[in-house]
Amino acid sequence: MLLVLVIAVGAAWLAAPHVQRLDGGVTMQTLKPGKGPSPTGSDIALINYKGMLSNGKVFDQGQQVPMPVTGVVPGFSTALQAMQAGGSYRVHIPADKGYGSEEKRNQSGEVVIPANSDLTFDVDLLEFRSQQEIMQMMQQQQLQQQLQGGAGGAPGGAPPGAGQ
């Protein structure tokens, strides 16, 4: 009987999402595991995300958004570097690893993230590439457009797929 109970508890533990404690008090719950290596600080991640305040209010969301791993708040960068492609995660970022004492406003001036807010993000890491790979892809695309008589993109433009 005890063995059955131990096996049942073990199976339940394996099936439950696990919370990982990362640097700076950031926590990351794996909802669906990914595979392979994790992005580094020099990579660009392609993600789906939804950002929420502690009361559950959504302040931002996006689909297939290219994000430089180090071009985000420190807590989000820490979490991205612990994810794997194909995985889904819930990330909790304490205020001091988010925007801290700075409040964030939308274009109409409304405060969407009050100062000292803890943040929660649901994130799907679709894939990631190095900045060098992205630049090579952009150069190849521009060359192809020039060879086909197209105008080509502006230097330093957004990576392919940005803004979709």
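Strands are DSSP runs of E covering at least two residues and are numbered from the N terminus, and two of them pair if DSSP finds at least two bridges between them. In this predicted model, strand 1 and strand 2 form a hairpin with five residues between the strands, and strand 2 is also joined to strand 5. A further point of interest is Asn-48, which lies in strand 3 and counts as buried.

**Strand pairing around strand 2**

- Strand 1, spanning residues 18–21, runs antiparallel to strand 2, spanning residues 27–32, and four bridges join the two.
- Within the hairpin that strand 1 and strand 2 form, Gly-24 takes a positive phi near 75°.
- Strand 2 also runs antiparallel to strand 5, which covers residues 88–93, and five bridges join this pair.
- Gln-29 of strand 2 stands opposite Val-19, while in strand 5 the bridge partner of Gln-29 is Arg-90.

- When neighbours within four places in sequence are left aside, the residues in contact with Asn-48 are Gly-62, Gln-63, Gln-64, Asp-122, Val-123, Asp-124 and Leu-126.

Definitions and conventions. Residues are numbered from 1 along each chain as its sequence is written. This is a predicted model: local features need pLDDT of at least 70, side-chain atom pairs count only at pLDDT 80 or more; totals for chains, interfaces and linings use all residues. Side-chain values use heavy atoms; hydrogens and water are left out. Buried means under 20% relative accessible area, exposed over 50%, partly exposed in between (1.4 Å probe, protein chains only). Contact means heavy atoms within 4.5 Å.
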